[in-house]
Every structure is written in structure tokens, then in C-alpha cells.
Amino acid sequence: MPIQISRYEKIASLAALCLLLFACYQVLKPFIFDLLWAAILCFVTWPLYLRLRDWKLTANWAATAMVLPIGILLLTPFVAATLTFTEDINHLLQWLNQSRHVWPEPPAWLQSLPVVGDNAVAAWQSVGEDSSRLVNLARQYALGASSWLLQQGIGLAGELMHMGLAILVLFFFYRDGEHVAQHVVIGVERLAGERTQRILHIVRSSLRAVVYGILGTALVQALASILGFVIAGVPYAFVLGVIAFFLMIIPAAGTVIWLPIALWLLAEGETGWAVFIALWFLLFVGTIDNWLRPILISREVELPFVLIVFGIFGGLLAFGFIGVFIGPTLLATSYALVLDWLIRNEQQELDNQTSTEGKDC
């Protein structure tokens, strides 16, 4: 005899399930972004993993072969920054405590510029005065900033720990990715029914377009940055290029890397190379994302450039750095689903209209 489940028992079961899911969320909440990072990295590099599996490697060995180079590439900048953080701060404090920081005199050719020469010299001297004030102000507060520096060091170590955890999770995503994907498809089928494959295709295309568009553009800009640094003779050009890669993911954030270098060259008396770096980034490197990113993204999904920009900045404000990928992906997926829904409705209306006209005939 079948057991009858009352309405109250169903409500209690649903409440218990919600409570269980909420408890699981609270447990995983500190690691949500680590899981998202691992999922994005797994998705982007999944074709390479399948290539290794085609070479008859087992799931464990293929996952290990993928995780090791990715871990070295991602963790090396964090480890290097953590190890040299104290030394770099000491160098900065010593530099600030030097007796004089002389801003160079304006070059002769600046005065000879037609129409704007006098204004350019005045602006040059004004920047020198402002920089001296900033150095003096920084010198006053540098020695009292030990607690802030300690917090930054702890924060950097925490980021290193989270990145290491994401790499660890990435191994299991590679190894068990096929089974996880099957469970995801089954779950979406129960929610979306017949449109499951179409929705999954849109999500895959949107995520691939956003990730490849953002990372591909940042990579090209980083390579162009390294070329500019090498031409100008800037030391540690490759390290600065790696930093530029992460900064270039965010539009206009490249200023953080090239402006201090240009000012340092000016302070060293290398006026020509300082101007070269400024022009190289303003006229070349800084314009690459204006045309390359839309091209790479539009290869997979048609998304207006303004939505890309809103997705990047909105995701950054809402979710932190990983929001650079989450924001555009959410907008791209929603945009594609809405377009798909509108086109499908228009097609149904056209089919209905055609069928009605056929009956009238």
C-alpha cells in the first residue's frame, strides 16, 4: 500500500532541503571564488586536456600535466611578490628618505614648440612642484605606515593561498570534469526541458567568447608592452609585461604600469624615452582593446561593445577581479537568450500567420 505524503510533510521536506543548501553555501562561501576560478581555467583549457587524453594518458596524469604548468605560471608572480615585498618596501623607504629628489629641467625642444611651448614648460614645472610635494608628504607618513604594510603583506599571502587552492581544485575538475558535466546537463534538463542543449550552447559560447576575448586582448597588449619596455631599455621588461597582462584585463588599468615608468624615466633624465613610453601606450597599446576585444568576442556571440564594458566594470565592482569574467559572461548569456527567445517567438508568429493564410486559401 503506497504511503501518502501530506502537504505539510512536503513543505517540511522542502524547508529542510533549503536549510541544507543554505548550510552548504555557508560552508563553501569562503571558497566560492576559488571554485569559480578553477571552473573558468578548466573550461578555457579543456581542449588541451582532451588532447592529452587522446595521447593515451590517464585522467590523473593528464590532469597533472595540465595543472603543473598552469600552477607555475599563475603562482610564480604571487610567490615572487610575497618574497620580495619586504625588500621592495625597504628600498622605497630608503628612496623617500633621501635628502633630495630633483625633478629634471624642461628639455630645450619643449620650449621651442610653436604656440604651446610656454604652456608646456609651465605644465612641466608644475608637475615637478607637485611631485616634490607628494614625495615630501609620502616621506612624512612612510614610517608610520607599518601597520598598513603588514596588512598588505597578509593580504598578498592570503591571495597566494586562495590561488593555490584554486589550482588544487582545478586538478579534480580536470579528472572528474566529464562526470560533473553530465550531472550539470541532467540538472539543466529538469529545469529547461527541450531547450537544454540550446541554453548550454549559448552559455558555452558566451563564456568562451568573453574569456578568449578578454585574455587574448590582454595577452596581445602585454606582448606589445614588453616590446615597448625592451625598446626603451626599461629593466625587468618581462616581469613588467606579466604585471601588465593582469592589469590590461581591466580597461584603462594599463596606466598603472606605464605612467610610473614614464615618470621614473623623467626623473632619471631620460626625457625622450619617457615621451616614447607615454606615446607607445597611449597611441598603440591602449588602443588595441578598442578593436581586438570586440572582434574576438563577436566570433562566438554578438554582444554590443557597451555591454562588454558595463559587464567588465560592473562585474569588477560586484564580485572583485573574477567579476571581470563573470560580468560580461552573464550579460552575454542573457543577451543571447533574449535574442533567441525573440527570434523564436517571431518565427512562431510567422508560422502561425502562414498557416492561417493557407487555411483561408
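**Entry 1. Surface and overall build**

I began with the surface: the protein exposes about 23,100 Å², and carbon and sulfur atoms supply 69% of it. Accessible areas here come from the Shrake-Rupley method with a 1.4 Å probe, and for residues only the protein chains shown count as cover. I noted that this is a predicted model, in which local features need pLDDT of at least 70 and side-chain atom pairs count only at pLDDT 80 or more, while totals for chains, interfaces and linings use all residues. Residues are numbered from 1 along each chain as its sequence is written, and side-chain values use heavy atoms, with hydrogens and water left out.

I then looked up the secondary structure and found 12 helices and zero strands. Both are DSSP runs numbered from the N terminus: helices are H or I with at least four residues, strands are E with at least two.

Of the 361 residues, 31% count as buried. Buried means under 20% relative accessible area, exposed over 50%, and partly exposed in between (1.4 Å probe, protein chains only). I also recorded that, in the protein, residues 24 or more positions apart account for 71% of the contacts with a separation of 6 or more; a contact means heavy atoms within 4.5 Å.

**Entry 2. The nonpolar cores**

I looked next for nonpolar cores, which are sets of buried Ala, Val, Leu, Ile, Met, Phe, Trp, Tyr and Cys residues joined through side-chain atoms within 4.5 Å. The largest has 44 residues, and Phe229, Ile257, Ile277 and Phe281 touch the most other members. Among the elements that give two or more residues to this core are helix H2 (32–54), helix H7 (196–232) and helix H12 (323–360). H10 gives the most, with 10 residues. Another core, of 19 residues, lies apart from it and includes Leu41, Trp46, Val67 and Tyr174.

Not counting residues up to four places away in sequence, Ile257 touches Phe229, Leu240, Ile243, Ala244, Leu247 and Phe281.

Thr45 has its place in helix H2. I found Thr45 at 14% relative accessibility, so it counts as buried. Beyond residues up to four places away in sequence, Thr45 touches Met66, Ile70 and Tyr174.

Ile226 is found in helix H7 and is buried, with a relative accessible area of 18%. Leaving aside neighbours within four places in sequence, Ile226 is in contact with Ala237, Phe238 and Gly241. I also looked up Ile226 and Val239: they are 13 residues apart in sequence and 8.7 Å apart in space, C-alpha to C-alpha.

**Entry 3. A loop residue**

Where does Lys56 lie? I located Lys56 in the loop between H2 and helix H3 (59–96). Its phi is near 70°, a positive value in a residue other than glycine. Most residues other than glycine have a negative phi. Lys56 counts as exposed, at 76% relative accessibility.

**Entry 4. Annotated spans**

I consulted the UniProt record, an unreviewed entry, which lists residues 273–293 and 305–338 among those under "transmembrane region". UniProt positions are given in the numbering used here, feature names are shortened, and annotations may be inferred rather than shown by experiment. For residues 273–293, the end C-alpha atoms lie 29 Å apart, and the span is 100% helix and 0% strand. For residues 305–338, the end C-alpha atoms lie 17 Å apart, with 91% helix and 0% strand.
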